[in-house]
Amino acid sequence: MIDDDMTPAGAVATSNRSILRKLVIVSILMFGFGWALVPLYRKICEVTGINVVTLRDADASTARSTQVDLSRTVTVEFDANTRGAWSLRPHVRHLQVHPGELVQVTYDLVNLQDRRVAGQAIPSYAPQQSAQYFRKLECFCFTQQTLAAGEMREFPVVFFIDPALPADVHTITLSYTFFEVAGAVADPVPRPAPNG
């Protein structure tokens, strides 16, 4: 009597089952890794200061002291970049600010496309360590913005510099990058008029 596993066809079937098991395990591991990337990505962004979704600073309004440090000034520079058919620019390029002083600046955002679009602003700071001392009370970066075709809007940014900012930091650059959020806005597709 010949064992089925010893025939060439049996050996191929056994080899195929082994490969199939390995592929199923690899597929499950790849799916698990892909699923785990979202929280891992958020944690990496949080640690590095590259924040994809800027959350409102809940402690900013309570952390603001009424004491303004008049003995020092910090130059705050404002910068804006866009990805796509947008125009984003600050009304002022730089300001002299006392730590603890409440400041408001305004940005103009224009949708240069011929359709309604949603976008998100992502802030970055230089030097990077200054991010934890730059406290925003109001910012268009907290939520996605939807603009109609050709629409222009002004957005305020209300902030203060925490007086605990290290004394060797004399200039902070606040830079926004504004990009389109794909799939966030569904424009209705025009339908042809019925014949009749």
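The structure is a predicted model, in which local features need pLDDT of at least 70, side-chain atom pairs count only at pLDDT 80 or more, and totals for chains, interfaces and linings use all residues. Residues are numbered from 1 along each chain as its sequence is written, and side-chain values use heavy atoms, with hydrogens and water left out. The protein has two helices and nine strands; these are DSSP runs numbered from the N terminus, with helices (H or I) of at least four residues and strands (E) of at least two. From the N terminus on, the order is α-α-β-β-β-β-β-β-β-β-β.

**The sheet**

- Five strands make an open sheet in the order E3-E1-E9-E5-E7, with mixed pairing; two strands pair if DSSP finds at least two bridges between them.
- Strand E3 (94-97) and strand E7 (145-147) are at the edges with a single partner strand each, so one side of each has no neighbour in the sheet.
- From one strand to the next, the twist averages 30 degrees; axes are lines fitted to C-alpha atoms, for helices over the stretch in contact, and angles run from 0 to 180 degrees between N-to-C directions.
- E5 and E9 are antiparallel and share eight bridges, and Ala121 stands opposite Phe178 in E9.
- E5 and E7 also run antiparallel, joined by three bridges.
- Across from E7, Ala118 has Thr146 as its bridge partner, while Gly119 stands opposite Gln145.

**Buried parts and the core**

- Of the 196 residues, 31% count as buried; buried means under 20% relative accessible area, exposed over 50%, and partly exposed in between (1.4 Å probe, protein chains only).
- E5 is mostly covered, with eight of its 10 residues buried.
- The largest nonpolar core has 31 residues, and Tyr107, Phe140, Phe159 and Tyr176 touch the most other members. Such a core is a set of buried Ala, Val, Leu, Ile, Met, Phe, Trp, Tyr and Cys residues joined through side-chain atoms within 4.5 Å.
- Several strands supply at least two residues each to this core, among them E1 (74-83), E4 (103-111) and E8 (152-161).

**A nonpolar patch on the surface**

- Leu20, Val24 and Ile28 form a nonpolar surface patch with about 290 Å² of accessible area together. Areas come from the Shrake-Rupley method with a 1.4 Å probe, and for residues only the protein chains shown count as cover.
- Patch residues have over 30% relative accessible area and no salt bridge; like charges are joined within 9 Å, and nonpolar side chains (Val, Leu, Ile, Met, Phe, Trp, Tyr) within 5 Å.
- Ile28 belongs to helix H1 (residues 8-48) and counts as exposed at 57% relative accessibility.

**Salt bridges**

- There are four salt bridges, each defined by a side-chain nitrogen of Lys or Arg within 4 Å of a carboxyl oxygen of Asp or Glu.
- Arg115 and Glu180 form one of them (3.0 Å, N to O). Arg115 lies in the loop between E4 and E5 and Glu180 in strand E9, so the pair ties together parts 65 residues apart in sequence.
- Arg115 is partly exposed at 34% relative accessibility, and Glu180 is partly exposed at 28%.
- Arg135 and Asp162 form another (3.7 Å, N to O). Arg135 sits in strand E6 (residues 134-138) and Asp162 in the loop between E8 and E9, so this pair links parts 27 residues apart in sequence.
- Both Arg135 and Asp162 are buried.
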